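Hi,

Here is the structure I said I would pass on. Have a look at it first, and my notes follow below.

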Amino acid sequence: MIRYEVTKVPLFVMACHCTDCQEQTASAFSLGMPVEANAFALSGEPVVISKTADSGNESRSYRCPTCAVWTHTTTDGSQDLVVVRPSTLDDAGWVKPVAQIFVGSALPWAELDVPHSYDGEFDDPSEIVSTFRSSGILEGVG
């Protein structure tokens, strides 16, 4: 079994509708919560699945060896970040996405009503970070 700890506020929460995330979750999308890599601590030895993303960057998905749940992802394109799968948090009740990406592959019924939507990936997350910080989502998160 693996465990992780996040020691800083996440940058934001987003939904990803890419077909890879749909396949990995067996669902309509995945949720991603980017956190600074130095604020992420892992204990235990995960199963690592590597692949080359459409961007050409190497992407690594980490899964619990006991239950096979996808807990987080790292990519060569964003080495200073870890994208945590927030549904694996001990308390995910506060989680709410403020952005969605790859809406071009979204199942028609699964598009979310969020402030930021992108057909593919985004180049600059500053607006998303700002929206998340000012949204009130983090109020009361311990």
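Is H17 buried or exposed? H17 counts as buried, because its relative accessibility is 0% (buried means under 20% relative accessible area and exposed over 50%, with partly exposed in between, using a 1.4 Å probe and protein chains only).

Before the rest, a word on the source: this is a predicted model, where local features need pLDDT of at least 70, side-chain atom pairs count only at pLDDT 80 or more, and totals for chains, interfaces and linings use all residues. Residues are numbered from 1 along each chain as its sequence is written, and side-chain values use heavy atoms, with hydrogens and water left out.

Back to H17: this residue sits in the loop between strand 2 and helix 1 (19-25). Helices (H or I, at least four residues) and strands (E, at least two) are DSSP runs, numbered from the N terminus. Beyond neighbours within four places in sequence, the contacts of H17 include Q22, F29, F102 and E111 (contact means heavy atoms within 4.5 Å).

Eight strands make up an open, mixed sheet in the order 5-6-7-8-3-2-9-10, where two strands pair if DSSP finds at least two bridges between them. Strand 5 (47-52) and strand 10 (116-117) are at the edges with a single partner strand each, so one side of each has no neighbour in the sheet. Strand 2 (residues 14-16) runs antiparallel to strand 3 (residues 30-36), joined by three bridges, and A15 stands opposite L31.

M14, in strand 2, also counts as buried, at 10% relative accessibility. The C-alpha atoms of M14 and V98 are 5.9 Å apart, although 84 residues separate them along the chain.

Best wishes
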